[in-house]
Amino acid sequence: PPSQALDLKNGTLQIDVHFDAADTDSLQRCLVLEFGTGIDAHAIAKVAEHLTRGNDDFSKTGEDLRHSLEVFRDLVEGETFGWGFMRIVSLWGEFATLERLLSYADTPLKQLRCVQAWQAFRIHCLDFSLPNQPTSFEVKTTAQRTRSHEISSVDQLTQAHAPCIFLASWMIRPVGPEEGWSVMDIVNRIQANLTGDAATLFQESLDVLELDEFACSNDHFIERNNRPLRLYPAQDVPGVNEFTPLPEGVPSLTWPVNLTEQGLAGDELDTLFTNLLAVYDEVNQDGE
C-alpha cells in the first residue's frame, strides 16, 4: 500500500486482494483501484498506461500508484471532469484553428462554410471537415516544449469519406492574463466577427458543447516562439502507414508522435487556406 492515504472523490482502493485463476498463476496481495462510472475511461487508461511504463522486471508499488494518480489528478478527480487543463489546451487549439480559418473568409458564405466545417462538438468526427470538399483537419495542441501529440485513434487520420486529412499542430505555453488569451477570449473574438447564418450556427454549436465559461476563462496561452501552427498530411504522421489498416483482432490503437518542423506553415499555409475557401466564391447570375 502507499505510505500516504489516497484521498479520492470518485475512487476506492482495496489492499491485499487475491486473484485465483484456473489457467494462470494466482495473483497475491494486489492493490485494486476502482473508479465510479462518472470517470471517463480515457482518464483511467492514462493512469494505467503511466503505471505500466518502464522495466517489466521492476515490481511496482503503492508509491508508484500514488505518484501516477498525482500526475493525472486533474483527469480523474472533481465534478468538473472534462474541463481540466488538458481539455482546455485542446479546446484552445480548436477555436484558434477556427479563428485562423475565418481570417481568410472575406464573404458571409465563406464564414458560414468555416463554421460548418467545425465538427468538434460531434462524436467521432474529424475536428474540421470543409463542406463539399475532401479536405479535413484533425487539431492537436500541446503545452509541452516539443511538438508531441497523442493519436487516440486511427480514425483521427484515416477515414474513407475524407481522402485528404491534415494534422494541425499547435504548440502553446501558459502565460498570464495580460500576455495571452483564454478559450473564452478566442470564442468572444469569433462571435464579434460573425454575422448572419454563421453567427447563428456558431452559437448553436456552442450551446451543444456546453462550455464551462468559468473553466475556459482561467488559463491563458500564446504560441511558443518560432513554433507556429503547422499542418502535416496524414500520411506523413509517424505510425499512420504502419498502423493502418489495424491488424486483425486489434479494435483500437493509441500512440504518441513527435513531429518535426517540416509541416506547412507561413505562406504555404496562407495559400492552402485561401485556395480551400476560394471554392466558395459566390458567382453572379451569368456564372462568372
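Let's start with the largest nonpolar core in this predicted model. It has 47 residues, and the ones touching the most other members are Phe-95, Phe-202, Leu-211 and Leu-231. Who contributes to this core? Helices H4 (85-102), H5, H6 (183-193), H7, H8 (215-218) and H10 (266-278) each supply at least two residues, and so do strands S4 (135-142) and S6 (164-175). H4 gives the largest share, with nine residues.

Now have a look at Phe-95. Setting aside its neighbours within four places in sequence, Phe-95 is in contact with Trp-118, then with Val-183, Ile-186, Val-187 and Ile-190, and also with Phe-202, Leu-206, Leu-209 and Leu-211.

Next, a helix pair: H5, residues 108-117, and H7, residues 196-209. At what angle do H5 and H7 pack? The angle is about 15°, and the axes lie 8 Å apart. Because angles under 35 degrees count as roughly parallel, H5 is roughly parallel to H7. The crossing of H5 past H7 is left-handed.

And which residues meet there? On the H5 side, we have Gln-111, Leu-112, Val-115 and Gln-116; on the H7 side, Asp-197, Ala-198, Leu-201 and Phe-202. Sorted by class, this contact of H5 with H7 has five nonpolar residues, two polar ones and one charged one.

Note on methods. Residues are numbered from 1 along each chain as its sequence is written. This is a predicted model: local features need pLDDT of at least 70, side-chain atom pairs count only at pLDDT 80 or more; totals for chains, interfaces and linings use all residues. Side-chain values use heavy atoms; hydrogens and water are left out. Axes are lines fitted to C-alpha atoms, for helices over the stretch in contact, and angles run from 0 to 180 degrees between N-to-C directions. Helices (H or I, at least four residues) and strands (E, at least two) are DSSP runs, numbered from the N terminus. Angles under 35 degrees count as roughly parallel, over 145 as roughly antiparallel, 65 to 115 as roughly perpendicular and the rest as oblique. A crossing is left-handed if the near helix is turned anticlockwise from the far one by less than a right angle, and right-handed if clockwise. Contact means heavy atoms within 4.5 Å. Ala, Val, Leu, Ile, Met, Phe, Trp, Tyr, Cys and Pro count as nonpolar, Asp, Glu, Lys and Arg as charged, and the others, Gly among them, as polar. A nonpolar core is a set of buried Ala, Val, Leu, Ile, Met, Phe, Trp, Tyr and Cys residues joined through side-chain atoms within 4.5 Å. Buried means under 20% relative accessible area, exposed over 50%, partly exposed in between (1.4 Å probe, protein chains only).
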